[in-house]
Amino acid sequence: MKKSIIEMHKGIFEITVTVNGEKKELAVKNGEFLLDALRRYGWKGIKKGCDTGDCGSCAVILNGRPVLGCLAPAVTAHNGEITTIEGLGTVHAPHALQEAFVEAGAVQCGFCIPGMILSSRHLLDRTPDPTEAEIRKALDGNLCRCTGYVKQVEAVKNAAKKLAGTKK
Amino acid sequence: MKNIKYYAFPSTVKEAVALLLNKKYKAMALAGGTLVAKTLPETVETYLDIKNVPIKNIKLLGGNLVIGAGATFDEIDRSKLCRGWADGVLSGAAAKCSSQLIRNMATIGGNVARPHSFNIFPVVLLGLDAKVRLATCSGNRLVEFQDLYSSGLGLRPGMDSLITEIIIPVKTKKWKCEFIKLAKTESSWESYITLLFSAEKKGKALTQVRVAVGALSPRPFRAPEAEKALLAGTGAAAAAGAFASELEAARAGEYRSSAASSLFKRFAASVG
């Protein structure tokens, strides 16, 4: 029978997760949230903003859907698959969304952008040709204090077109 | 979460209930965790994660709409079955809850199991005569939603039993319904008031009316005088007056009473 319970030892839970396609063994602290655990292990693309589930800067994709790293206890990622912004693209080979955000001028201070791009990626995965209303709804949990969201919406539309073109 | 000693992730309802009932673990069930992950009671020592328990389906059974307790707000928002039921109030309410990132995590079961005045589903379920299926130590138990929070239930969902399904009766499928959330912004979790108006019309007569009110107290309540007035056909203005009196009695305050009774008057006029 598959083991369905793990015990804490000296304040630590040993968990197994796949982060950006790579299997990892993480030692997460009791009471630690995914946001803090991932940052502690070097995935700094996940940002600590409000820490109360309001701003969306800590969004990561966990088991196929974007979640708030500040509200997900780290231990619950056990056996899960995580995608952080580092798993989407690199400086030299950016993802279509990353390119589109830069080209549209959607990035100002940049703090909210990792979460926003991951939310956008999930949207485009299930709605390849989204309407403006659908984009705004998908991003309603990602707050940006620099912009008025116009450029980000434009960026997602442009990325959708680009991705549709590459699929043809 | 500092007192947590175990993390359990059962894959069946039976296993989950056994863990809840095992005194060694002092477990509490969590699904999305958005309401309680940061505020677990200190007595809890096991984080019982029910994400692998197969209670997520949304389906029709015997004509009733059955929503698995593990269905997320996002899944309910996108469900064709929910959108086509009772003027789509279930999907509409799910879409009005907080942000997409919260809707991806939060589940209807968690929203119902943890009474809080700002929870959105209790008021909707109260206005749709919903029932709740609980897995307990002695098997499944079906309870009226309105009895879920009564002390007479003798159960503490999530601590000694597990909510597995929410059942919306077939009779409500074609009801005329309206869900309203009055809040500072559309995505605010906090609401000034939440309202569910529902009515069944046969010919020219109203045969069923429900007026449910949330956000004023941890548990939503119905407004029986407003329901009676509307059923009696006394007119929208009189029914709204009765509703305003009930809200004032519930200490809703002038703004909420006035706004909610105006909205009810509009609904009453639309179905009258």
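Modeller: We take the chain interface, then the domains of chain A. Keep in mind that the model is predicted.

Biologist: How do I read an interface between chains? How many residues of chain B are in contact with chain A?

Modeller: Count residues on each side, using C-beta atoms within 7 Å as the cut-off. Here 23 residues of chain B touch 26 residues of chain A.

Biologist: Which elements give two or more residues to the chain B side?

Modeller: They are β1 (6-8), β3 (46-49) and α5 (100-105) of chain B. α5(B) gives the largest share, five residues.

Biologist: What is the make-up of that side, by nonpolar, polar and charged residues?

Modeller: Twelve are nonpolar, seven polar and four charged.

Biologist: Now strand pairing. In which sense do β1 of chain A and β1(B) pair, parallel or antiparallel?

Modeller: Look at the direction and the bridges. Strand β1 (residues 5-7) of chain A pairs with β1(B) in the antiparallel sense, over three bridges. For a place to look, find A:Ile6, which stands opposite B:Tyr7 in β1(B).

Biologist: Next, the domains. Where are the bounds in chain A?

Modeller: Domain 1 spans 12-87 and domain 2 spans 96-167. Their centres, taken over C-alpha atoms, are 22 Å apart. The contact takes 13 residues from domain 1 of chain A and eleven residues from domain 2 of chain A.

Biologist: Which elements give two or more residues to the domain 1 side?

Modeller: β4 (59-62) and β5 (65-68) of chain A. The largest share, three residues, is from β4(A). By class, that side of domain 1 has eight nonpolar, three polar and two charged residues.

Methods: Residues numbered from 1 in each chain as written. Chains lettered and ligands numbered in written order. Predicted model: local features only at pLDDT ≥ 70, side-chain atom pairs only at ≥ 80, totals over all residues. Contact = placed C-beta atoms within 7 Å. Helix = DSSP H or I, 4+ residues; strand = E, 2+ residues; numbered from the N terminus. Nonpolar A, V, L, I, M, F, W, Y, C, P; charged D, E, K, R; others polar. Pairing = 2+ DSSP bridges. Domains from an automatic or database assignment.
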